[in-house]
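I opened this notebook to record what I looked up in one structure.

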Amino acid sequence: MELSHENQLLLETTKRFVEEEIIPHEELVDQLGEVPEEIGRQIETKSKEIGLFAANLPEEVGGGGLDYAGQMLIEREFGKTSHALHAWAARPTEILLAGTEAQKEKYLYPCVSGEKRELFGLTEPEAGSDIMSMKSNARRDGDDWILNGSKHFISGPVMPDFAIVFAQTGVDETKRGPRKRVTAFLVDVGTKGFDIAIGAKCVSYRGYHTFRLNFSDVRLGPDQILGEEGKGLELAGQWLGMGRIWIGASCCGKAERMFDLSSDWAANRKQFGQQIGKFQSTSFKLADMAIEMRAAELMVQDAVMRADNEQMTDSDAAMVKVYCSEMLNRVADNTVQIFGGMGLMEEMPIQRLWRDSRLERIWDGTSEIQRHIISRAILRPLGA
Ligand SMILES: Cc1cc2nc3c(=O)[nH]c(=O)nc-3n(C[C@H](O)[C@H](O)[C@H](O)COP(=O)(O)OP(=O)(O)OC[C@H]3O[C@@H](n4cnc5c(N)ncnc54)[C@H](O)[C@@H]3O)c2cc1C
């Protein structure tokens, strides 16, 4: 993909930022299982200075106004490193753009300036892939809504100021039977009945927190609905599609980092009197990695072009997510194999990149769910 002059500069700036401001802290954060506040703040400040903070949002709302190609470049570079760290250079959820002017004042603009942080709360303990089985619900009480239920695995770098929470607000009769109406609510941390705590620790991206959210008779005004009542999933869907492309880009970045480490090791580590790269079982691994990485890059670039032309489908996004995340896991496994025992030693970054890679096949919809989306797009038009 030919880069514009602006995107070429953006790429160089982001590379430098990752190398100088993020990578040096990776090992410490992995060991501590958290990002020391001063390091997080430093990343936040620096990313604001160089225009990477909220770069995904349009200039009209104070964001960086990056086009899709620009966003792809930063996600690819950030993918090389720890999510716990680069998340401090926030990319606030685009669905906040769907808010009213008053909601933008209260939630969106403070996220763009870094005064507030949000969480995106869809997943529940009993409703992961099967999101329509969600139990969180809100019932009307006069003009207000009363929210009950819980969420888990809702992730972010720091304790947030508010959460975008998806809850059932009724049932629609459709041709295919009853279907839950799902609505997105903006819920401030500190609201009576809303409890939030750091949840289980994840071995991927240590230091990137998952939160547990509990709602017990939380009273919400009508002005706390984001978008339209009953249209929450459509709203979430608009954001999830591009999110899957950004995961694809990030997988390409991480794969490149591991490939570079593997090639270097294969060219220098000697056994039986020669470099291990001279053994075909090693060199062919590198060749396979290179082929798959090229294919993944092209898929991401193709999806970005489709998105630019407003032609990207859910199936396109699912293909990128499943292929790039699985490519990354094959690259990660081959990298550990090429490094042998050293690949599993804590003093090397390989084991951490391998652990981090594993999550990519799970969050934002598992590989199985992506295949479900793709296969439905193939078979539904044929009546199957
Ligand atoms: C670190 C982390 C951060 C996260 N951040 C967020 C966040 O910020 N916000 C948010 O809302 N969620 C978040 N999630 C949740 C994430 O999106 C879910 O974990 C994911 O969608 C899978 O749900 P589950 O874990 O409940 O697995 P399950 O749905 O229980 O799936 C278990 C297994 O069954 C398979 N399976 C399920 N249904 C089918 C089917 N129909 N066909 C074939 N196989 C199937 C799955 O593919 C998987 O292999 C996060 C998760 C993690 C681990």
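**Entry 1: the model.** I noted that this is a predicted model, in which local features need pLDDT of at least 70, side-chain atom pairs count only at pLDDT 80 or more, and totals for chains, interfaces and linings use all residues. Residues are numbered from 1 along each chain as its sequence is written, and side-chain values use heavy atoms, with hydrogens and water left out.

**Entry 2: the shell around the ligand.** I looked up which residues come nearest to the ligand: of the 18 around it, they are Thr-123, Ser-129, Ser-155, Thr-366 and Glu-368. A residue is near if one of its heavy atoms lies within 4 Å. I sorted the shell into nine nonpolar, seven polar and two charged residues. In this sorting Ala, Val, Leu, Ile, Met, Phe, Trp, Tyr, Cys and Pro are nonpolar, Asp, Glu, Lys and Arg are charged, and the others, Gly among them, are polar.

Strand S3 (144-156) and helix H11 (367-379) each supply at least two shell residues, and S3 gives the most, with three. Helices (H or I, at least four residues) and strands (E, at least two) are DSSP runs, numbered from the N terminus. Where does the ligand lie? It lies between domain 2 (118-230) and domain 3 (235-382), because both give residues to the shell. The domain bounds come from an automatic or database domain assignment.

**Entry 3: polar atoms at the ligand.** I found a polar side-chain atom of Thr-123 at 2.7 Å from a ligand nitrogen atom. A ligand oxygen atom is 2.7 Å from a side-chain N or O atom of Thr-366, and a ligand oxygen atom is 3.5 Å from a polar backbone atom of Asp-364. The protein covers 64% of the 980 Å² of accessible area that the ligand has on its own (Shrake-Rupley method, 1.4 Å probe).

**Entry 4: Ser-367.** I located Ser-367 in helix H11. Is Ser-367 buried or exposed? Its relative accessibility is 4%, so Ser-367 counts as buried (under 20% relative accessible area, 1.4 Å probe, protein chains only). Leaving out residues up to four places away in sequence, Ser-367 touches Val-322, Ser-325, Glu-326 and Arg-361 (heavy atoms within 4.5 Å). The side chains of Ser-367 and Glu-326 make a polar contact at 2.8 Å; such a contact within protein is a pair of N or O atoms within 3.5 Å, one able to donate a hydrogen and the other to accept it, and residues adjacent in sequence count only if both atoms are side-chain atoms.

**Entry 5: helix H4.** I checked helix H4 (residues 68-78) and found 10 of its 11 residues buried. Its buried residues pack against helices H1 (5-22), H5 (83-86), H7 (232-268) and H8 (280-308).

Terms used
Buried < 20%, exposed > 50% of the residue type's maximum accessible area, 1.4 Å probe, protein only.
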